[in-house]
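Hi everyone, thanks for making time for this. I'd like to walk you through one model, starting with the whole fold and then stopping at a few residues.

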Amino acid sequence: MQNAAPEEEVTSLHDLSATDLIAGYRAKQFSPSEVLEEVIEHVAAWEPHIKALYLYDPDGARAVAKASTDRWQKGEPVSTLDGVPVTIKDNIATKGQPIPLGSASVKLVAAEKDAPPAARLRESGAIIFAKTTMPDYGMLSSGLSSFHPLTRNPWDLSKNPGGSSSGAGAAGAAGYGPLHLGTDIGGSVRLPAAWCGLVALKPSLGRVPIDPPYVGRVAGPMTRTVDDAALMMCVLSKPDRRDGMSLPADTINWRAHDKSPRKVRIGLMLDAGAGQPLEGDVRNVVVNAAKAFESAGAVVSEVGGILTREMLDGLDDFWRARLWDDLSKLSPEERAKTLPYIHKWAEAGGKLSGVDVVRGFNATMAIRAAAAKLFCELDYVISPVSPVVNFPAEFAAPINDPDKPFEHIAYTVPWNMSENPALSINGGYDAKGFPIGVQIIGRRFDDLGVLGMAKAFEALRGPQKPWPTPPKK
(Lines give C-alpha, C1' and ligand atoms only; values in the text may rest on other atoms or scores of the structure.)
Protein backbone atom coordinates (compact mmCIF):
# COMPACT_ATOMS: atom_id res chain seq x y z
CA MET A 1 0.00 0.00 0.00
CA GLN A 2 1.12 3.58 -0.62
CA ASN A 3 1.93 6.02 2.14
CA ALA A 4 -1.08 7.59 3.85
CA ALA A 5 -1.02 11.34 4.51
CA PRO A 6 -1.27 12.37 8.18
CA GLU A 7 -4.86 13.33 8.97
CA GLU A 8 -3.80 16.62 10.57
CA GLU A 9 -1.94 17.72 7.44
CA VAL A 10 -3.21 20.93 5.84
CA THR A 11 -5.06 20.16 2.61
CA SER A 12 -2.98 21.03 -0.45
CA LEU A 13 -4.53 23.02 -3.29
CA HIS A 14 -4.42 20.01 -5.62
CA ASP A 15 -6.46 18.02 -3.08
CA LEU A 16 -9.21 20.62 -2.65
CA SER A 17 -12.67 19.83 -4.02
CA ALA A 18 -14.00 21.85 -6.94
CA THR A 19 -16.55 23.48 -4.64
CA ASP A 20 -13.74 24.55 -2.28
CA LEU A 21 -11.64 25.83 -5.18
CA ILE A 22 -14.49 28.00 -6.44
CA ALA A 23 -15.03 29.37 -2.91
CA GLY A 24 -11.30 30.13 -2.68
CA TYR A 25 -11.27 31.88 -6.05
CA ARG A 26 -14.27 33.95 -5.07
CA ALA A 27 -12.63 34.96 -1.77
CA LYS A 28 -9.33 35.65 -3.62
CA GLN A 29 -7.49 33.26 -1.30
CA PHE A 30 -5.66 31.71 -4.27
CA SER A 31 -5.90 31.72 -8.06
CA PRO A 32 -6.43 29.14 -10.82
CA SER A 33 -2.79 29.61 -11.82
CA GLU A 34 -1.60 28.78 -8.31
CA VAL A 35 -3.83 25.70 -8.17
CA LEU A 36 -2.61 24.47 -11.56
CA GLU A 37 1.04 24.80 -10.53
CA GLU A 38 0.37 22.57 -7.50
CA VAL A 39 -1.39 20.04 -9.73
CA ILE A 40 1.57 20.05 -12.15
CA GLU A 41 3.99 19.52 -9.26
CA HIS A 42 1.85 16.67 -7.93
CA VAL A 43 1.60 15.04 -11.37
CA ALA A 44 5.40 15.07 -11.58
CA ALA A 45 5.60 13.15 -8.30
CA TRP A 46 2.94 10.54 -9.17
CA GLU A 47 2.96 10.06 -12.93
CA PRO A 48 6.16 8.00 -13.22
CA HIS A 49 4.47 5.44 -10.96
CA ILE A 50 0.86 5.31 -12.23
CA LYS A 51 0.98 6.43 -15.92
CA ALA A 52 -2.55 7.90 -15.92
CA LEU A 53 -2.16 10.67 -18.51
CA TYR A 54 -2.14 11.05 -22.29
CA LEU A 55 -1.43 14.31 -24.16
CA TYR A 56 -0.40 16.06 -20.97
CA ASP A 57 -0.05 19.77 -21.79
CA PRO A 58 1.06 21.83 -18.79
CA ASP A 59 2.08 24.87 -20.85
CA GLY A 60 -1.23 25.02 -22.71
CA ALA A 61 -3.02 24.63 -19.40
CA ARG A 62 -1.02 27.50 -17.92
CA ALA A 63 -2.38 29.85 -20.60
CA VAL A 64 -5.97 28.76 -19.83
CA ALA A 65 -5.34 29.15 -16.09
CA LYS A 66 -3.93 32.66 -16.62
CA ALA A 67 -7.05 33.70 -18.53
CA SER A 68 -9.22 32.28 -15.76
CA THR A 69 -7.16 34.02 -13.09
CA ASP A 70 -7.71 37.33 -14.90
CA ARG A 71 -11.47 36.72 -15.01
CA TRP A 72 -11.64 35.94 -11.29
CA GLN A 73 -9.61 39.05 -10.45
CA LYS A 74 -12.19 41.09 -12.34
CA GLY A 75 -15.06 39.19 -10.69
CA GLU A 76 -16.21 37.88 -14.08
CA PRO A 77 -16.01 34.04 -14.05
CA VAL A 78 -17.80 32.40 -16.97
CA SER A 79 -19.25 29.51 -14.95
CA THR A 80 -19.18 27.57 -11.70
CA LEU A 81 -16.22 25.54 -13.05
CA ASP A 82 -14.07 28.45 -14.23
CA GLY A 83 -10.45 27.70 -13.37
CA VAL A 84 -10.99 24.18 -12.04
CA PRO A 85 -8.47 21.58 -13.36
CA VAL A 86 -10.04 18.66 -15.24
CA THR A 87 -8.95 15.63 -17.24
CA ILE A 88 -10.83 14.04 -20.15
CA LYS A 89 -10.74 10.38 -21.21
CA ASP A 90 -8.85 9.42 -24.38
CA ASN A 91 -12.05 8.46 -26.29
CA ILE A 92 -13.83 11.81 -25.82
CA ALA A 93 -12.84 13.96 -28.80
CA THR A 94 -10.91 17.16 -28.18
CA LYS A 95 -10.29 19.44 -31.16
CA GLY A 96 -6.95 19.03 -32.89
CA GLN A 97 -5.97 15.91 -30.95
CA PRO A 98 -6.04 12.22 -31.99
CA ILE A 99 -8.39 9.67 -30.44
CA PRO A 100 -6.45 6.39 -30.19
CA LEU A 101 -9.18 4.57 -28.20
CA GLY A 102 -6.39 2.98 -26.18
CA SER A 103 -5.30 0.80 -29.10
CA ALA A 104 -2.17 0.73 -31.24
CA SER A 105 -4.31 -0.46 -34.16
CA VAL A 106 -6.18 2.87 -34.41
CA LYS A 107 -4.86 5.49 -36.86
CA LEU A 108 -3.99 8.77 -35.16
CA VAL A 109 -6.18 11.40 -36.81
CA ALA A 110 -6.79 14.78 -35.21
CA ALA A 111 -10.41 15.40 -34.16
CA GLU A 112 -12.14 18.22 -36.03
CA LYS A 113 -14.05 19.45 -32.99
CA ASP A 114 -14.69 18.80 -29.33
CA ALA A 115 -17.24 16.13 -28.45
CA PRO A 116 -20.19 17.54 -26.46
CA PRO A 117 -18.84 16.85 -22.94
CA ALA A 118 -15.42 18.31 -23.80
CA ALA A 119 -17.06 21.32 -25.44
CA ARG A 120 -19.16 22.03 -22.35
CA LEU A 121 -16.11 21.83 -20.06
CA ARG A 122 -14.03 24.07 -22.31
CA GLU A 123 -16.84 26.64 -22.54
CA SER A 124 -17.11 26.60 -18.75
CA GLY A 125 -13.53 27.80 -18.34
CA ALA A 126 -12.38 24.55 -16.78
CA ILE A 127 -8.66 23.89 -17.26
CA ILE A 128 -8.29 20.79 -19.45
CA PHE A 129 -4.66 19.91 -18.81
CA ALA A 130 -4.54 16.27 -20.05
CA LYS A 131 -6.40 13.35 -21.52
CA THR A 132 -6.42 10.07 -19.58
CA THR A 133 -5.58 6.51 -20.53
CA MET A 134 -7.92 3.65 -21.39
CA PRO A 135 -7.65 0.02 -22.59
CA ASP A 136 -8.15 -1.06 -26.21
CA TYR A 137 -11.50 0.16 -27.56
CA GLY A 138 -12.77 0.57 -23.99
CA MET A 139 -13.55 -3.13 -23.83
CA LEU A 140 -11.63 -3.94 -20.64
CA SER A 141 -12.11 -3.03 -16.98
CA SER A 142 -8.35 -2.59 -16.76
CA GLY A 143 -5.41 -0.23 -17.11
CA LEU A 144 -3.89 -2.54 -19.73
CA SER A 145 -3.54 -1.13 -23.26
CA SER A 146 -1.62 -1.77 -26.48
CA PHE A 147 -1.20 2.00 -26.95
CA HIS A 148 -0.83 3.53 -23.49
CA PRO A 149 1.66 2.41 -20.83
CA LEU A 150 0.25 0.23 -18.07
CA THR A 151 -1.82 2.36 -15.68
CA ARG A 152 -1.58 1.43 -11.99
CA ASN A 153 -3.71 2.06 -8.91
CA PRO A 154 -2.37 4.75 -6.51
CA TRP A 155 -3.76 2.87 -3.49
CA ASP A 156 -1.49 -0.07 -4.32
CA LEU A 157 0.79 0.03 -7.35
CA SER A 158 0.58 -3.74 -7.74
CA LYS A 159 -3.19 -3.48 -8.30
CA ASN A 160 -5.35 -2.51 -11.25
CA PRO A 161 -7.19 0.85 -11.31
CA GLY A 162 -9.99 -0.74 -13.33
CA GLY A 163 -11.42 0.64 -16.55
CA SER A 164 -12.17 1.48 -19.11
CA SER A 165 -11.80 4.97 -17.55
CA SER A 166 -8.56 3.70 -16.04
CA GLY A 167 -6.48 6.86 -16.22
CA ALA A 168 -9.34 8.94 -14.89
CA GLY A 169 -9.70 6.66 -11.86
CA ALA A 170 -5.97 6.67 -11.13
CA ALA A 171 -5.71 10.43 -11.63
CA GLY A 172 -8.62 11.05 -9.28
CA ALA A 173 -7.18 8.89 -6.52
CA ALA A 174 -3.72 10.43 -6.95
CA GLY A 175 -5.07 13.97 -6.63
CA TYR A 176 -4.58 15.30 -10.16
CA GLY A 177 -7.17 17.98 -9.37
CA PRO A 178 -10.82 17.36 -8.45
CA LEU A 179 -12.64 16.65 -11.73
CA HIS A 180 -12.25 13.80 -14.22
CA LEU A 181 -14.48 12.87 -17.15
CA GLY A 182 -15.00 9.24 -18.13
CA THR A 183 -17.37 7.14 -20.22
CA ASP A 184 -19.37 4.05 -19.27
CA ILE A 185 -21.06 1.36 -21.38
CA GLY A 186 -20.90 -1.50 -18.86
CA GLY A 187 -19.33 -0.06 -15.72
CA SER A 188 -16.43 1.99 -17.07
CA VAL A 189 -16.72 4.96 -14.70
CA ARG A 190 -18.15 3.04 -11.73
CA LEU A 191 -15.66 0.16 -11.63
CA PRO A 192 -12.49 2.30 -11.59
CA ALA A 193 -14.21 4.62 -9.12
CA ALA A 194 -14.91 1.65 -6.84
CA TRP A 195 -11.32 0.37 -7.04
CA CYS A 196 -9.88 3.90 -6.65
CA GLY A 197 -12.15 5.18 -3.86
CA LEU A 198 -13.97 7.79 -5.95
CA VAL A 199 -17.51 8.93 -6.65
CA ALA A 200 -18.68 8.28 -10.23
CA LEU A 201 -22.10 8.89 -11.72
CA LYS A 202 -23.32 6.94 -14.73
CA PRO A 203 -26.19 9.24 -15.73
CA SER A 204 -29.44 8.17 -17.31
CA LEU A 205 -28.86 7.54 -21.00
CA GLY A 206 -29.01 10.86 -22.84
CA ARG A 207 -28.69 13.04 -19.74
CA VAL A 208 -25.19 14.04 -20.86
CA PRO A 209 -25.06 14.47 -24.65
CA ILE A 210 -22.25 12.47 -26.22
CA ASP A 211 -20.87 11.93 -29.72
CA PRO A 212 -20.84 9.25 -31.00
CA PRO A 213 -23.90 7.99 -29.08
CA TYR A 214 -24.53 4.27 -28.68
CA VAL A 215 -26.72 1.83 -26.79
CA GLY A 216 -25.92 2.23 -23.10
CA ARG A 217 -23.00 4.61 -23.67
CA VAL A 218 -22.77 7.62 -21.37
CA ALA A 219 -20.22 10.14 -20.16
CA GLY A 220 -20.07 10.95 -16.49
CA PRO A 221 -18.12 12.67 -13.70
CA MET A 222 -15.45 10.96 -11.61
CA THR A 223 -14.68 12.95 -8.47
CA ARG A 224 -13.81 12.61 -4.79
CA THR A 225 -17.09 14.05 -3.49
CA VAL A 226 -20.77 13.93 -4.38
CA ASP A 227 -20.96 17.73 -4.42
CA ASP A 228 -18.27 17.85 -7.11
CA ALA A 229 -20.09 15.28 -9.24
CA ALA A 230 -23.23 17.42 -9.01
CA LEU A 231 -21.26 20.55 -9.85
CA MET A 232 -19.83 18.85 -12.92
CA MET A 233 -23.32 17.77 -14.02
CA CYS A 234 -24.38 21.44 -14.07
CA VAL A 235 -22.12 21.80 -17.09
CA LEU A 236 -22.14 18.33 -18.68
CA SER A 237 -25.94 18.06 -18.88
CA LYS A 238 -26.36 21.11 -21.10
CA PRO A 239 -27.97 20.22 -24.46
CA ASP A 240 -26.16 19.41 -27.69
CA ARG A 241 -28.05 18.54 -30.87
CA ARG A 242 -25.29 16.23 -32.14
CA ASP A 243 -26.58 13.47 -29.85
CA GLY A 244 -29.76 12.04 -31.35
CA MET A 245 -30.27 9.95 -28.21
CA SER A 246 -30.03 12.86 -25.76
CA LEU A 247 -32.87 13.81 -23.44
CA PRO A 248 -34.79 17.06 -23.85
CA ALA A 249 -33.17 20.03 -22.12
CA ASP A 250 -34.16 20.11 -18.46
CA THR A 251 -33.80 22.79 -15.80
CA ILE A 252 -32.48 20.45 -13.10
CA ASN A 253 -31.02 22.27 -10.11
CA TRP A 254 -28.06 19.95 -9.65
CA ARG A 255 -26.92 21.75 -6.52
CA ALA A 256 -30.20 20.96 -4.75
CA HIS A 257 -29.33 17.31 -4.24
CA ASP A 258 -29.81 16.99 -0.48
CA LYS A 259 -32.23 14.13 0.23
CA SER A 260 -33.41 12.34 3.35
CA PRO A 261 -33.45 8.52 3.26
CA ARG A 262 -36.44 8.48 5.64
CA LYS A 263 -39.21 6.18 4.33
CA VAL A 264 -37.32 5.66 1.06
CA ARG A 265 -37.77 2.10 -0.24
CA ILE A 266 -34.38 0.53 -0.94
CA GLY A 267 -33.64 -2.88 -2.41
CA LEU A 268 -30.43 -4.55 -1.25
CA MET A 269 -28.99 -6.63 -4.11
CA LEU A 270 -26.25 -9.00 -3.00
CA ASP A 271 -26.58 -11.48 -5.88
CA ALA A 272 -26.49 -10.11 -9.42
CA GLY A 273 -28.01 -13.31 -10.82
CA ALA A 274 -24.91 -14.17 -12.86
CA GLY A 275 -21.18 -13.49 -12.89
CA GLN A 276 -18.44 -13.86 -10.30
CA PRO A 277 -19.25 -14.78 -6.71
CA LEU A 278 -19.25 -11.92 -4.23
CA GLU A 279 -16.15 -11.69 -2.02
CA GLY A 280 -16.75 -11.47 1.72
CA ASP A 281 -15.19 -8.03 2.24
CA VAL A 282 -17.35 -6.55 -0.50
CA ARG A 283 -20.50 -8.12 0.94
CA ASN A 284 -19.72 -6.74 4.40
CA VAL A 285 -19.23 -3.19 3.13
CA VAL A 286 -22.48 -3.22 1.13
CA VAL A 287 -24.47 -4.74 4.00
CA ASN A 288 -23.11 -2.07 6.32
CA ALA A 289 -24.20 0.59 3.83
CA ALA A 290 -27.71 -0.88 3.84
CA LYS A 291 -27.73 -0.84 7.65
CA ALA A 292 -26.65 2.81 7.63
CA PHE A 293 -29.57 3.73 5.38
CA GLU A 294 -31.91 1.69 7.55
CA SER A 295 -30.70 3.51 10.66
CA ALA A 296 -31.60 6.79 8.89
CA GLY A 297 -35.19 5.65 8.36
CA ALA A 298 -35.05 3.92 4.99
CA VAL A 299 -37.10 0.76 4.41
CA VAL A 300 -34.57 -1.83 3.22
CA SER A 301 -35.44 -5.24 1.80
CA GLU A 302 -33.22 -7.76 0.06
CA VAL A 303 -33.96 -8.30 -3.64
CA GLY A 304 -32.69 -10.75 -6.22
CA GLY A 305 -30.56 -9.86 -9.21
CA ILE A 306 -32.11 -9.22 -12.60
CA LEU A 307 -29.30 -10.59 -14.77
CA THR A 308 -29.34 -14.12 -16.15
CA ARG A 309 -26.56 -16.21 -17.65
CA GLU A 310 -28.29 -15.92 -21.02
CA MET A 311 -28.37 -12.11 -20.79
CA LEU A 312 -24.70 -11.79 -19.89
CA ASP A 313 -23.61 -14.22 -22.60
CA GLY A 314 -25.84 -12.44 -25.08
CA LEU A 315 -24.17 -9.11 -24.40
CA ASP A 316 -20.80 -10.84 -24.78
CA ASP A 317 -21.79 -12.19 -28.22
CA PHE A 318 -23.15 -8.85 -29.37
CA TRP A 319 -20.08 -6.88 -28.27
CA ARG A 320 -17.68 -9.43 -29.78
CA ALA A 321 -19.42 -9.15 -33.14
CA ARG A 322 -19.57 -5.36 -32.92
CA LEU A 323 -15.83 -5.02 -32.30
CA TRP A 324 -14.90 -7.66 -34.86
CA ASP A 325 -16.80 -5.61 -37.43
CA ASP A 326 -14.38 -2.75 -36.70
CA LEU A 327 -11.25 -4.90 -36.55
CA SER A 328 -12.09 -6.81 -39.73
CA LYS A 329 -11.88 -3.56 -41.71
CA LEU A 330 -8.21 -3.14 -40.74
CA SER A 331 -5.28 -4.67 -42.59
CA PRO A 332 -3.83 -7.81 -40.98
CA GLU A 333 -0.79 -5.77 -39.92
CA GLU A 334 -2.94 -3.11 -38.25
CA ARG A 335 -5.20 -5.67 -36.63
CA ALA A 336 -2.18 -7.49 -35.15
CA LYS A 337 -1.32 -4.38 -33.12
CA THR A 338 -4.45 -4.83 -31.00
CA LEU A 339 -3.98 -6.14 -27.48
CA PRO A 340 -3.85 -9.96 -27.88
CA TYR A 341 -6.56 -10.47 -25.23
CA ILE A 342 -8.93 -8.16 -27.12
CA HIS A 343 -8.04 -9.62 -30.51
CA LYS A 344 -8.74 -13.16 -29.32
CA TRP A 345 -11.99 -12.09 -27.66
CA ALA A 346 -13.31 -10.16 -30.67
CA GLU A 347 -12.22 -12.73 -33.27
CA ALA A 348 -14.79 -15.16 -31.93
CA GLY A 349 -17.45 -12.64 -32.94
CA GLY A 350 -16.71 -13.32 -36.59
CA LYS A 351 -17.86 -16.91 -36.16
CA LEU A 352 -21.29 -16.02 -34.75
CA SER A 353 -24.40 -16.25 -36.90
CA GLY A 354 -26.68 -13.30 -37.53
CA VAL A 355 -29.28 -14.93 -35.30
CA ASP A 356 -26.70 -15.28 -32.50
CA VAL A 357 -25.88 -11.59 -32.68
CA VAL A 358 -29.54 -10.51 -32.76
CA ARG A 359 -30.26 -12.72 -29.77
CA GLY A 360 -27.34 -11.08 -28.02
CA PHE A 361 -28.64 -7.60 -28.74
CA ASN A 362 -32.10 -8.61 -27.57
CA ALA A 363 -30.59 -9.18 -24.13
CA THR A 364 -30.55 -5.39 -23.78
CA MET A 365 -34.35 -5.29 -24.04
CA ALA A 366 -34.78 -8.20 -21.64
CA ILE A 367 -32.59 -6.41 -19.10
CA ARG A 368 -34.56 -3.22 -19.58
CA ALA A 369 -37.85 -5.03 -18.91
CA ALA A 370 -36.45 -6.72 -15.80
CA ALA A 371 -35.17 -3.42 -14.41
CA ALA A 372 -38.51 -1.70 -14.95
CA LYS A 373 -40.27 -4.50 -13.08
CA LEU A 374 -37.78 -4.27 -10.21
CA PHE A 375 -38.37 -0.55 -9.73
CA CYS A 376 -42.15 -0.83 -9.65
CA GLU A 377 -41.96 -1.29 -5.86
CA LEU A 378 -38.60 0.37 -5.10
CA ASP A 379 -37.18 3.88 -5.11
CA TYR A 380 -33.52 2.86 -5.12
CA VAL A 381 -31.30 -0.22 -5.17
CA ILE A 382 -27.92 -0.56 -3.48
CA SER A 383 -25.45 -3.23 -4.50
CA PRO A 384 -21.76 -3.93 -4.93
CA VAL A 385 -20.02 -2.24 -7.84
CA SER A 386 -17.50 -5.05 -8.26
CA PRO A 387 -17.73 -8.56 -6.84
CA VAL A 388 -13.99 -8.48 -6.06
CA VAL A 389 -11.89 -6.14 -3.91
CA ASN A 390 -9.04 -5.82 -6.45
CA PHE A 391 -6.90 -7.68 -8.99
CA PRO A 392 -3.34 -7.48 -10.38
CA ALA A 393 -2.29 -4.46 -12.43
CA GLU A 394 -1.11 -6.64 -15.31
CA PHE A 395 -4.44 -8.44 -15.75
CA ALA A 396 -6.95 -7.55 -18.46
CA ALA A 397 -9.83 -8.38 -16.10
CA PRO A 398 -10.27 -10.00 -12.67
CA ILE A 399 -10.56 -13.49 -14.20
CA ASN A 400 -8.14 -12.58 -17.03
CA ASP A 401 -9.71 -15.02 -19.48
CA PRO A 402 -11.04 -13.76 -22.86
CA ASP A 403 -13.53 -16.64 -22.85
CA LYS A 404 -15.02 -15.24 -19.61
CA PRO A 405 -14.60 -11.50 -20.09
CA PHE A 406 -17.59 -9.98 -18.30
CA GLU A 407 -18.09 -12.00 -15.12
CA HIS A 408 -17.12 -8.93 -13.06
CA ILE A 409 -19.61 -6.46 -14.62
CA ALA A 410 -22.79 -8.28 -13.59
CA TYR A 411 -23.64 -5.61 -11.01
CA THR A 412 -22.96 -2.64 -13.32
CA VAL A 413 -23.91 -3.51 -16.90
CA PRO A 414 -27.69 -3.97 -16.34
CA TRP A 415 -28.13 -0.26 -15.61
CA ASN A 416 -26.49 0.77 -18.88
CA MET A 417 -28.89 -1.39 -20.82
CA SER A 418 -31.90 -0.27 -18.77
CA GLU A 419 -30.79 3.40 -18.88
CA ASN A 420 -31.10 3.86 -15.10
CA PRO A 421 -28.76 6.29 -13.33
CA ALA A 422 -26.21 4.49 -11.14
CA LEU A 423 -23.48 5.84 -8.91
CA SER A 424 -20.39 4.35 -7.29
CA ILE A 425 -19.25 5.71 -3.93
CA ASN A 426 -16.61 4.44 -1.55
CA GLY A 427 -18.26 2.38 1.17
CA GLY A 428 -15.28 1.20 3.18
CA TYR A 429 -12.02 -0.71 2.98
CA ASP A 430 -10.61 -4.19 3.27
CA ALA A 431 -8.17 -5.15 6.03
CA LYS A 432 -5.25 -3.72 4.05
CA GLY A 433 -6.98 -0.37 3.51
CA PHE A 434 -7.99 -0.90 -0.13
CA PRO A 435 -11.24 0.92 -1.07
CA ILE A 436 -14.49 -0.93 -1.79
CA GLY A 437 -17.32 0.69 -3.73
CA VAL A 438 -21.06 0.68 -3.09
CA GLN A 439 -23.47 1.25 -5.99
CA ILE A 440 -26.68 3.30 -5.71
CA ILE A 441 -29.16 2.87 -8.58
CA GLY A 442 -32.29 4.93 -9.18
CA ARG A 443 -35.27 4.93 -11.47
CA ARG A 444 -34.75 6.20 -15.01
CA PHE A 445 -34.16 9.97 -15.08
CA ASP A 446 -33.83 10.26 -11.28
CA ASP A 447 -30.18 11.29 -11.50
CA LEU A 448 -30.69 14.03 -8.92
CA GLY A 449 -32.22 11.57 -6.47
CA VAL A 450 -29.27 9.20 -6.86
CA LEU A 451 -26.90 12.05 -6.08
CA GLY A 452 -29.08 12.90 -3.08
CA MET A 453 -28.91 9.37 -1.72
CA ALA A 454 -25.15 9.36 -2.24
CA LYS A 455 -24.87 12.68 -0.40
CA ALA A 456 -26.85 11.20 2.50
CA PHE A 457 -24.53 8.17 2.51
CA GLU A 458 -21.46 10.40 2.66
CA ALA A 459 -22.79 11.78 5.95
CA LEU A 460 -23.80 8.34 7.27
CA ARG A 461 -20.49 6.75 6.28
CA GLY A 462 -18.32 9.20 8.21
CA PRO A 463 -14.67 10.17 7.65
CA GLN A 464 -12.59 8.32 5.08
CA LYS A 465 -8.99 7.19 5.12
CA PRO A 466 -6.43 9.73 3.84
CA TRP A 467 -5.75 9.61 0.12
CA PRO A 468 -2.54 7.86 -0.96
CA THR A 469 0.66 9.89 -1.32
CA PRO A 470 3.40 9.41 -3.93
CA PRO A 471 6.03 6.74 -3.21
CA LYS A 472 9.18 8.11 -1.69
CA LYS A 473 12.16 8.35 -4.04
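Let's begin with the radius of gyration, which is 21 Å in this predicted model. A compact globule with 473 residues would have a value near 23 Å, so the two agree.

What is the fold built from? The protein has 14 helices and 13 strands. Looking at contacts with a separation of 6 or more, 79% of them are between residues 24 or more positions apart. As for burial, 60% of the 473 residues count as buried.

You'll find Asp-82 in the loop between α3 (58–73) and β3 (85–89). Is Asp-82 buried or exposed? Its relative accessible area is 0%, and the cut-off for buried is under 20%, so Asp-82 counts as buried. Beyond its neighbours within four places in sequence, Asp-82 is in contact with several residues, among them Ile-22, Tyr-25, Arg-71, Trp-72 and Ser-124. One more distance here: Thr-69 is 13 residues away in sequence, and its C-alpha is 9.0 Å from that of Asp-82.

Next, please find Val-215, in the loop between β6 (199–202) and β7 (218–223). With a relative accessible area of 27%, Val-215 is partly exposed. Leaving out neighbours within four places, Val-215 is in contact with Ile-185, Met-245, Phe-361, Thr-364 and Met-417. Ser-418 is 203 residues from Val-215 along the chain, yet their C-alpha atoms are separated by 9.8 Å.

My last stop is Glu-334, which belongs to helix α10 (residues 332–335). A polar atom of the Glu-334 side chain lies 3.0 Å from the backbone nitrogen of Ser-331. Setting aside residues up to four places away in sequence, Glu-334 touches Ser-105 and Lys-107.

That's my tour, and I'm happy to go back to any of these spots on screen.

Note on methods. Residues are numbered from 1 along each chain as its sequence is written. This is a predicted model: local features need pLDDT of at least 70, side-chain atom pairs count only at pLDDT 80 or more; totals for chains, interfaces and linings use all residues. Side-chain values use heavy atoms; hydrogens and water are left out. Helices (H or I, at least four residues) and strands (E, at least two) are DSSP runs, numbered from the N terminus. A polar contact is a pair of N or O atoms within 3.5 Å; within protein, one must be able to donate a hydrogen and the other to accept it, and residues adjacent in sequence count only if both atoms are side-chain atoms. Contact means heavy atoms within 4.5 Å. The radius of gyration is taken over C-alpha atoms; the globule rule is 2.2 Å times the number of residues to the power 0.38. Buried means under 20% relative accessible area, exposed over 50%, partly exposed in between (1.4 Å probe, protein chains only).
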